[in-house]
Amino acid sequence: MNNQLVFQGVILVAFVAIMYFLLIKPQKKKEKEIDDMRNSIQVGDEVVTIGGICGKVVKTKDDTLILQVGADKTKFELKRWAVSSIEKKSGRIDREKLKEEEEKKPNKPKRIGRKDTESLEGQLAEAKEELKAEANTAAVEAAIAVEHAEAEVEEVL
């Protein structure tokens, strides 16, 4: 009798797990995709509502959209949840894709302000002075090397 209770419990748990993986999980995944689609609607997208109305989005708000339909460009407001599908995306670039592309590109120099410019000018002046000092040192070393070479040539002759 005890084994029979355990067996029934295992069958019940297995049945619930099967129901979860076959029915509940795919439905939640589909709902998440639809929510993502509705949240990605931008101005300029052409959408179809659950009632079958086709139109172009002219303004977006938190949870409502202003849709423009027909030849006379009639506008009306509807909830985001009433959008069934996006027929044509607008020419705008998705912000996430733009961020990904920027990460792939090498860093471009940023515009700098007046304070930054003054700081950079000071650093540039210091770097020039250092280079001049190094150049003078190198010139002196070269002159010494030439003198030594001339002395060696005179010794050989």
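A residue is called buried under 20% relative accessible area, exposed over 50% and partly exposed in between (1.4 Å probe, protein chains only). By this scale D72, at 63% relative accessibility, counts as exposed. The model is predicted, and local features need pLDDT of at least 70, side-chain atom pairs count only at pLDDT 80 or more, and totals for chains, interfaces and linings use all residues. Residues are numbered from 1 along each chain as its sequence is written, and side-chain values use heavy atoms, with hydrogens and water left out.

Helices (H or I, at least four residues) and strands (E, at least two) are DSSP runs, numbered from the N terminus. D72 is located in the loop between β3 and β4 (74-79). The side chain of D72 makes a polar contact of 3.0 Å with that of T74. A polar contact is a pair of N or O atoms within 3.5 Å; within protein, one must be able to donate a hydrogen and the other to accept it, and residues adjacent in sequence count only if both atoms are side-chain atoms.

A further polar contact, also of 3.0 Å, joins the side chains of T64 and E77. T64 belongs to strand β3 (residues 64-69) and is buried, its relative accessible area being 9%. E77, at 46% relative accessibility, is partly exposed.

Side chains of opposite charge can pair when their charged atoms come close. A salt bridge is defined here as a side-chain nitrogen of Lys or Arg within 4 Å of a carboxyl oxygen of Asp or Glu. The count under this rule is three salt bridges.

E77 takes part in one of these, with K61, where the closest N and O atoms are 3.7 Å apart. This pair links distant parts of the chain, with K61 in the loop between β2 (54-60) and β3 and E77 in strand β4, 16 residues apart. K61 is partly exposed, at 38% relative accessibility.

Another salt bridge is formed by the side chains of K79 and D63 (3.6 Å, N to O). Here too distant parts of the chain are linked: K79 lies in strand β4 and D63 in the loop between β2 and β3, 16 residues apart. K79 has a relative accessible area of 37% and is therefore partly exposed; D63 is likewise partly exposed, at 44%.

The remaining pair is K32 and D36, whose side chains meet at 3.5 Å, N to O. Both residues lie in helix α1 (residues 2-39), four residues apart, about one turn of the helix. K32 is exposed at 54% relative accessible area, whereas D36 is partly exposed at 42%.

Charged patches were also identified. Patches consist of residues with over 30% relative accessible area and no salt bridge, like charges being joined within 9 Å and nonpolar side chains (Val, Leu, Ile, Met, Phe, Trp, Tyr) within 5 Å. Accessible areas come from the Shrake-Rupley method with a 1.4 Å probe, and for residues only the protein chains shown count as cover. Lys and Arg count as positive and Asp and Glu as negative, while His and the chain ends are not counted. The place of a charge is NZ of Lys, CZ of Arg, CG of Asp or CD of Glu.

A surface patch of positive charge is made up of K56, K73, K75 and K88. K88 is situated in strand β5 (residues 83-88) and is exposed, with 51% relative accessible area. A surface patch of negative charge gathers E147, E150, E152, E154 and E155. Of these, E150 is placed in helix α3 (residues 114-156) and is partly exposed, at 48% relative accessible area.
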